[in-house]
Amino acid sequence: FEASKGTTRGLSLFLCPRTLPNGESNGVSVTRLEHKLGIHGSPTAAVRFDEAKAWRVGEKGEGFKAMLTLMNNARLGVAAQGVGISEAAIDSAVGYANERKQFGQPIGEQPLMKNMLSRMVIAQEGSRALLYRACLLLDRNKAIQNYLDRGEGTLEERQELSTQIERNATRVRLLTPLAKYLATETCDELTRNAIQVHGGLGFMAESIPGKLHADGIITTIYEGTSEIQVSFALKEIGKGALGVVFEEVSKELEALEDPRLVEYAAKVRHGMERILEASASLLADFGYALLSAQLLADVVIAVIVAAELLNQAQADPRRFDLAASWINRRMLDVESKTQRIQEGSSARIDRCQRILDLV
């Protein structure tokens with residue numbers, strides 16, 4: 001393996017087969033299978049290399065860049081995995097709540113349980129909306145690039161489309177870590193809630209929600225933990241991506257026509273203003289900005305998803321209550337979290353250390 005030379009530019013990718021082209025065994029072996037909490041259908045192993053032969057993939061020193069490209073694309077896949085596991089958890093929870101009876105009625109009819117199940121659906125649809133938005137931008141850019149590659153359009157049109165590709169790419173770079181963060185953290189929460197719905201049965205190792213929870217935990221970890229995702233999002237916000245994303249969101253909110261949706265759009269616009277004010281207060285203190293990355297990610301997600309759900313409600317009025325519930329809950333979070341960001345400082349880091357010193 002090549003030395004890193006103190007920088008990631010010194011890293012390369014290598015392909016190391018278990019069997020060499022001449023049919024001989026290579027010096028690579030699996031020494032141990034790991035015992036994981038979940039995803040038992042996907043083996044994770046310790047691999048040993050004994051003077052194994054390998055072939056470089058791609059250009060010398062471009063390995064780290066290729067790995068980041070791979071991971072960034074995989075993050076949307078993991079987000080989709082989180083959405084899928086959450087969907088299974090909700091199906092299991094709703095099905096059980098409708099069957100299990102207490103006090104002469106299904107537990108799903110009890111107000112607290114009905115509220116819990118509806119909140120699970122709201123959280124799930126928010127995750128799906130953000131993921132779909134990111135994927136839509138990727139598909140749109142691919143279609144535009146194919147159009148340009150065919151040499152179609154006037155010079156002015158091609159220049160405009162090239163600019164659109166760049167702006168969409170900026171949006172994708174921010175939405176990708178946010179989508180991964182939201183979908184996987186939501187997955188962890190919803191699978192845990194599904195266990196709660198099932199009561200004691202949910203705590204059994206063989207229960208459906210128990211297995212889903214064990215499988216779902218990994219989604220918050222691999223391809224970059226949730227903490228890494230919000231840090232990446234902060235980095236993109238620092239480069240100006242937030243303004244580019246909010247520009248698109250503002251246009252969508254302005255295009256809403258249903259009076260009910262316009263009312264909620266005003267709440268979302270107010271949330272955007274609060275976020276821009278709060279994010280500006282982070283520019284002078286990088287340490288505090290890192291500490292506030294998760295709070296900032298939460299409020300940015302709240303606004304983007306709100307706009308997406310309002311768009312859905314305009315297309316299908318049956319989804320109005322979904323959008324309204326998201327906005328009523330999340331805009332309150334935006335208000336409190338942006339206030340916390342503005343009123344805090346890097347002194348909170350010192351407080352964290354003093355608390356840790358108690359351990």
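Modeller: Gladly! In this predicted model, the axes of H3 and H6 cross at roughly 105° and come within 9 Å. An angle from 65 to 115 degrees counts as roughly perpendicular, so H3 and H6 are roughly perpendicular to each other. On the H3 side, the contact is made by Arg 167, Thr 170, Arg 171 and Leu 174. H6 answers with Ala 241, Leu 242, Val 244, Val 245, Glu 247 and Glu 248. Sorted by class, the residues of this contact are five nonpolar, one polar and four charged.

Now follow H6 to another partner. H6, which spans residues 241–254, also packs with H9: their axes cross at roughly 30° and come within 10 Å. Angles under 35 degrees count as roughly parallel, and that makes H6 roughly parallel to H9. The crossing of H6 with H9 is left-handed. The class count for H6 with H9 is 10 nonpolar, one polar and one charged.

H9 has a further neighbour in H7, residues 259–280, with an angle of about 160° between them and axes 10 Å apart. Over 145 degrees counts as roughly antiparallel, and H7 and H9 are therefore roughly antiparallel to each other. H7 likewise passes H9 in a left-handed crossing. H7 brings Leu 261, Tyr 264, Ala 265, Val 268, Gly 271, Met 272, Ile 275 and Ser 279 to the contact. Their counterparts in H9 are Leu 296, Val 299, Val 300, Val 303, Ala 306, Leu 310, Ala 313 and Gln 314. In this contact 13 residues are nonpolar, three are polar and none is charged.

The largest pocket holds about 650 Å³ of space. Its lining counts 18 residues, and those nearest the centre are Leu 68, Thr 69, Asn 72, Arg 173 and Glu 236. H1 (63–99), H2 (111–149), H3 (155–198) and H5 (226–238) each supply at least two lining residues, with the largest share, seven residues, coming from H1. By class, this lining has seven nonpolar, five polar and six charged residues.

The second largest pocket holds about 280 Å³. Among its 14 lining residues, Tyr 181, Leu 182, Asp 298, Arg 330 and Lys 337 lie nearest the centre. H3, H9 (293–315) and H10 (320–343) are the elements that give two or more residues to this lining, and H3 gives the most, with five. The lining of the second largest pocket divides into seven nonpolar, one polar and six charged residues.

To draw it together, H3 packs across H6 at roughly 105°, H6 in turn packs with H9, and both H3 and H9 take part in lining the second largest pocket.

Key: Residues are numbered from 1 along each chain as its sequence is written. This is a predicted model: local features need pLDDT of at least 70, side-chain atom pairs count only at pLDDT 80 or more; totals for chains, interfaces and linings use all residues. Side-chain values use heavy atoms; hydrogens and water are left out. On a 1 Å grid over the protein atoms alone, a cavity is a set of points where a 1.4 Å probe fits but cannot get out, and a pocket is an open set with protein on both sides within 12 Å along at least five of seven lines; lining residues have an atom within 4 Å of a point. Grid points are joined across faces, edges and corners, and a volume is the space filled by probe spheres set on the points. Helices (H or I, at least four residues) and strands (E, at least two) are DSSP runs, numbered from the N terminus. Ala, Val, Leu, Ile, Met, Phe, Trp, Tyr, Cys and Pro count as nonpolar, Asp, Glu, Lys and Arg as charged, and the others, Gly among them, as polar. Axes are lines fitted to C-alpha atoms, for helices over the stretch in contact, and angles run from 0 to 180 degrees between N-to-C directions. A crossing is left-handed if the near helix is turned anticlockwise from the far one by less than a right angle, and right-handed if clockwise. Contact means heavy atoms within 4.5 Å.
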